[in-house]
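The exercises below are meant to be worked through with the sequence and the 3D view side by side. Please try each task before reading its solution.

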Amino acid sequence: MDIHEAQALMDAFIENLILSGWNRKKTYEFIFYYARKNLSSSDHKKIPEIAFDYLGNIESSIIGHCSHDSFLIFPGEPTDTEELIAHIRGEKWKIDIENPDTEFSKK
C-alpha cells in the first residue's frame with residue numbers, strides 16, 4: 001500500500017466517524033490522544049515523516065489552525081461561517097456537555 005492509498009483509507013475512516021455522529025472533540029481525542037498514548041517509541045520511529053505531515057494537516061482541520069475552507073465539518077456545529085470559526089478557534093468544541101469534568105474539557 002502506498003502513502004496515497006493509506007491517506008485515502010484514513011480520510012474514509014474519519015469521514016465514517018463523522019457520519020456515525022462523532023463530534024469534533026471525540027474524534028480529536030481518539031486520533032490524537034488515544035493513538036499517541038498507545039504508540040511506543042519504536043512505533044513512532046517506524047512512521048514515515050509524510051504520515052506525520054498528513055496527520056498534522058488532519059489535526060489542523062479539526063482544531064482550526066488552517067483556512068476555514070479546510071475545517072472538517074461535524075454534525076450539530078454552526079453552519080454560519082463566522083459562528084463556525086468562533087466555535088472552532090474559540091475551542092468551544094472542547095467542552096463536553098455530557099461530561100464537563102473530563103480531562104480534555106479542563107484544558
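**Exercise 1.** Find out how far apart Glu29 and Lys25 lie in helix H2, counted in helical turns.

*Solution.* Glu29 and Lys25 are 4 residues apart in helix H2, and therefore about one helical turn separates them; helices here are DSSP runs of H or I with at least four residues, numbered from the N terminus. The next step is to look at their side chains, which form a salt bridge with the closest N and O atoms 2.7 Å apart, a salt bridge being a side-chain nitrogen of Lys or Arg within 4 Å of a carboxyl oxygen of Asp or Glu. Side chains of opposite charge can pair when their charged atoms come close. The last step is accessibility, where buried means under 20% relative accessible area, exposed over 50%, and partly exposed in between (1.4 Å probe, protein chains only). Glu29, at 23%, counts as partly exposed, whereas Lys25, at 4%, counts as buried.

A note on the source: this is a predicted model, in which local features need pLDDT of at least 70 and side-chain atom pairs count only at pLDDT 80 or more, while totals for chains, interfaces and linings use all residues. Residues are numbered from 1 along each chain as its sequence is written, and side-chain values use heavy atoms, with hydrogens and water left out.

**Exercise 2.** Determine how many salt bridges a search of the whole structure finds, and describe the one formed by Glu77 and Arg24.

*Solution.* The search finds 3 salt bridges. In the one asked about, the side chains of Glu77 and Arg24 meet at 2.6 Å, N to O. This pair links distant parts of the chain, since Glu77 sits in the loop between H4 and helix H5 (81–89) and Arg24 in helix H2, 53 residues apart. Both partners are buried. Another salt bridge joins Lys94 and Glu91 at 3.3 Å, N to O; here Lys94 counts as buried at 15% relative accessibility, while Glu91 counts as partly exposed at 39%.

**Exercise 3.** Decide whether Thr27 is buried or exposed, and list its contacts beyond its neighbours within four places in sequence.

*Solution.* Begin with the location of Thr27, which lies in helix H2. Its relative accessible area is 0%, so Thr27 is buried. Beyond the neighbours within four places in sequence, Thr27 is in contact (heavy atoms within 4.5 Å) with Leu17, Trp22, Ile62 and Phe74.

**Exercise 4.** Work out which residues of H1 are buried, and what covers them.

*Solution.* Helix H1 takes in residues 3–19, and its buried residues are Gln7, Ile14, Leu17 and Ile18. They cover an arc of only 100 degrees around the axis, which puts them on the same side of H1; the arc is that of the directions from the helix axis to the C-beta atoms. The cover over these residues includes helix H2 (24–38) and helix H4 (49–63). On the face turned away from the buried side, H1 carries the exposed residues Leu9 and Leu19.

**Exercise 5.** Identify the buried residues of H5 and the helices included in their cover.

*Solution.* In H5, the buried residues are Leu84, Ile85, His87 and Ile88. Seen down the axis, they fall within an arc of 165 degrees, so they line one face of H5. H2 and H4 are included in what covers them. Just after H5 comes Glu91, which takes a positive phi of about 60 degrees.

Technical notes: Helix = DSSP H or I, 4+ residues; strand = E, 2+ residues; numbered from the N terminus. Expected span 1.5 Å × (residues − 1).
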